[in-house]
Amino acid sequence: MAKIASSFLDISYLDSLSCQQSPVHRLDPRSKVIATAFFIVSVVSFGKYEITGLIPFFLYPIVLIALGDLPLVYLLKKILLAAPFAVFIGMFNPLIDRAILMNLGPVGISGGWISFASIMLRFILTVSAVLALIASTGFASICMSLEKMGAPNSFAVQLLFLYRYIFVLTDEASRMVRARALRAFEGKGRGFKVFTSMIGQLLLRALDRAQRIHLAMRCRGFDGEIRVSRQLAFGGRDSAFLLGWSTLFVLMRLVDIPQWMGDRVAELIR
Amino acid sequence: MHMADALISPAVGGAMWAATAGLTLYSAKKLKENLDDSHTPLMGVLGAFIFAAQMINFTIPATGSSGHLGGGMILAILLGPYAAFITMASVLTVQALFFADGGLLALGCNIFNLGFLPCFIAYPIIYKKIVGQCPTRRRILVGAIAASILGLQLGAFGVVLETLFSGISELPFVTFLLLMQPIHLAIGIVEGLVTAAVVTFIWKARPEILNMAGAARPMGRLAMGKVLVGFLVTAVVTGGVLSWFASDRPDGLEWSMFHTSGKEKLEPAEKGLHALFARFQEKTAFLPDYGFMKAAPDKSGEHEASAAPEKKEPWPAVSAGTSVSGLVGGTMAMGMAGFIGFALKKRHRQR
């Protein structure tokens with residue numbers, strides 16, 4: 001539970017990061033969303049033994065983090081927290097794929113370890129790009145950009161509503177959990193029966209709240225359609241951002257830059 | 001249970017994205033046809049409820065672990081399939097963006113596994129059939145458990161298939177299956193018990209809520225066949241097109257780039273690129289000599305290195321020479337990227 005509670009602190013922290021002023025924050029959310037999606041597809045499209053080709057892609061999250069003035073250590077911690085699933089599935093690669101693909105001096109490195117390293121690199125790249133996106137854009141702007149790009153209005157509104165009430169309901173839930181913890185000794189009271197009535201109560205309160213919100217909305221003229229009034233302006237800087245990064249991603253996908261640099265160095269040494 | 005971006009291929013991710021986007025559009029249209037506008041705040045608040053409910057857990061006797069409410073099934077019971085699907089999709093989107101659970105590309109897979117399967121398969125086929133129009137305590141219990149188990153088994157199977165088709169993980173099909181299904185059987189039973197208990201609680205305290213969900217069935221009447229066919233067609237077409245891009249050609253992205261850009265005009269550039277590649281290959285071909293200078297006595301290792309890739313899938317043989325220079329270059333590239341970030345940050349601070 002501690003983990004989930006702190007996750008919600010994270011939401012508000014990420015949200016506060018998105019209120020800063022920086023060249024990255026000022027970009028139109030659409031350009032950032034599309035560039036990030038393109039980034040992820042380029043990263044994921046590499047073959048499973050690719051390592052060197054992935055490394056130049058670190059440039060994108062690093063530039064977003066540096067220009068957006070985002071806290072690097074905090075984001076790294078968040079990436080580590082999310083790691084277990086990818087590590088769990090990836091760990092089987094070294095166990096199963098034992099064919100030696102590469103020799104570093106006397107040490108042979110199996111294909112499994114190479115593909116495991118590749119999975120970890122992909123993981124760090126994709127997660128850091130998404131976190132940098134949300135921390136430099138903010139959830140509401142992303143929802144609006146989704147709607148502008150053709151997602152159904154009801155889905156965008158649903159995301160905004162959900163986001164608005166996460167804080168309210170998690171506050172309520174954490175108060176209930178604290179109240180139970182203060183009254184439960186030696187594990188008594190943490191059983192299934194108490195749990196179901198707590199969840200049931202929470203659900204009833206949530207339903208009542210939804211009804212009150214609905215009535216309040218009706219009082220203010222809600223007719224079933226929510227109009228998002230904020231305007232987004234897609235300017236020259238945004239197109240430059242999007243075009244520049246996309247070109248770079250294609251280039252980095254087609255040309256293995258580190259391999260090329262390594263070859264040059266090898267030539268020099270010889 | 002959440003698929004991660006790192007484990008899927010663009011073809012699988014893209015196909016599932018297209019399919020779930022279609023489902024979202026379809027569900028949104030169905031919701032709009034249903035004129036009851038009280039659904040808008042209800043869905044939002046219940047989505048938040050799913051998050052909040054995960055903060056409350058209970059100890060499972062004799063195991064030392066704890067369980068909590070999962071999501072999809074209870075939403076389907078309270079809201080009906082369409083609204084529940086959109087709510088679940090929004091929950092998963094927030095998880096992907098803020099908690100890095102899953103990822104943007106894997107979002108399609110996750111919405112399918114945890115949204116579509118419980119809402120459009122397990123709920124109408126199992127829960128509704130068992131509980132019917134007049135719920136009793138026993139029916140709710142049996143229906144919720146059976147539906148939760150089926151939903152999670154299908155979801156776990158979905159994860160296995162998606163991972164398998166992506167080909168990034170080495171896990172063989174059967175091992176992965178044996179790993180996933182039993183775990184999710186246990187999770188399914190717990191989720192089913194919790195769902196049943198909560199639904200019973202609501203049914204006793206405020207029966208009209210369940211009746212309301214049950215009565216809002218003008219939109220609850222599923223055109224199952226239509227949904228499934230539409231889904232399959234989108235997924236297969238997109239997956240087929242994408243995987244053709246990805247694997248049929250030596251390099252899908254390059255090929256698509258070439259063909260989407262003006263053909264004749266870019267021809268010289270294309271040639272130039274090929275020439276560049278050819279030169280790279282020439283250069284790297286010299287390098288094994290260099291790479292093995294240090295590992296000269298280790299003949300057997302060299303033998304293995306050249307022999308192993310042949311019996312494996314046709315991936316480019318990674319020779320030691322290119323590996324060493326790749327390592328050097330990779331470190332350099334990483335250093336450069338870090339340096340650029342550092343410089344940008346410093347410049348930003350000075351302003």
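Helices here are DSSP runs of H or I with at least four residues, and strands are runs of E with at least two, each numbered from the N terminus. Please keep in mind throughout that this is a predicted model.

Q: Is Asp69(A) buried, exposed or partly exposed?
A: A residue needs 20 or more other C-beta atoms within 10 Å to be buried, and 12 or fewer to be exposed. Asp69(A) has 19 other C-beta atoms within 10 Å, so it is partly exposed.

Q: How many of the nine residues of helix H4 (residues 59–67) of chain A are buried?
A: The buried residues of H4(A) are Leu59(A), Tyr60(A), Pro61(A), Ile62(A), Leu64(A), Ile65(A), Ala66(A) and Leu67(A). H4(A) is largely enclosed by the rest of the structure, because its buried residues number eight.

Q: How many other C-beta atoms lie within 10 Å of Leu27(A)?
A: Leu27(A) sits in the loop between helix H2 (23–26) and helix H3 (29–44) of chain A. Leaving aside residues up to four places away in sequence, Leu27(A) touches Lys32(A), Arg237(A), Asp238(A) and Phe241(A). Leu27(A) is buried, and the number of other C-beta atoms within 10 Å is 23.

Q: What is the C-alpha to C-alpha distance between Leu27(A) and Ser136(A)?
A: In sequence, Leu27(A) and Ser136(A) are 109 residues apart. In space, their C-alpha atoms are separated by 9.3 Å.

Q: Which residue is the bridge partner of Leu104(A) in S2(A)?
A: S1(A) and strand S2 (residues 107–110) of chain A run antiparallel and are joined by four bridges. One of the pairs links Ile100(A) to Ser110(A). For Leu104(A), the partner is Val107(A).

Q: Which residues of S2(A) point to one face and are buried?
A: The side chains alternate along S2(A).

Q: Is H10(A) roughly parallel or antiparallel to H11(A)?
A: Two packed helices are described by the angle between their axes and the distance between the axes. For helix H10 (residues 153–183) and helix H11 (residues 192–219) of chain A, the axes come within 11 Å and cross at roughly 150°. An angle over 145 degrees counts as roughly antiparallel. H10(A) and H11(A) are therefore roughly antiparallel.

Q: How many charged residues are there in the contact of H10(A) with H11(A)?
A: H10(A) passes H11(A) in a right-handed crossing. H10(A) contributes Leu169(A), Glu172(A), Ala173(A), Met176(A) and Arg180(A), while H11(A) contributes Val194(A), Met198(A), Leu202(A), Arg205(A) and Ala206(A). Sorted by type, these residues give seven nonpolar, no polar and, for the charged class, three.

Q: How many nonpolar residues are there in the contact of H6(B) with H7(B)?
A: The axes of helix H6 (residues 137–166) and helix H7 (residues 173–205) of chain B come within 7 Å and cross at roughly 150°. That angle makes H6(B) roughly antiparallel to H7(B). Their crossing is right-handed. The contact holds two charged residues and nine polar ones, and its nonpolar residues number 21.

Q: How far is Ile145(B) from Gly188(B), C-alpha to C-alpha?
A: Ile145(B) is found in helix H6 of chain B and is buried, with 23 other C-beta atoms within 10 Å. Not counting residues up to four places away in sequence, Ile145(B) touches Ile189(B), Gly192(B), Leu193(B) and Ala196(B). Ile145(B) and Gly188(B) are 43 residues apart in sequence, and in space they are separated by 7.3 Å.

Q: How many residues of chain B are in contact with chain A?
A: On the chain A side, 112 residues take part, and in chain B the number is 104.

Q: How many charged residues does the side of chain A that touches chain B have?
A: This side of chain A has 73 nonpolar and 27 polar residues. The charged residues number twelve.

Key
Residues numbered from 1 in each chain as written. Chains lettered and ligands numbered in written order. Predicted model: local features only at pLDDT ≥ 70, side-chain atom pairs only at ≥ 80, totals over all residues. Contact = placed C-beta atoms within 7 Å. Nonpolar A, V, L, I, M, F, W, Y, C, P; charged D, E, K, R; others polar. Axes fitted to C-alpha atoms, helices over the stretch in contact; angles between N-to-C directions. Parallel < 35°, antiparallel > 145°, perpendicular 65-115°, else oblique. Left-handed = near helix turned anticlockwise from the far one by under 90°. Pairing = 2+ DSSP bridges.
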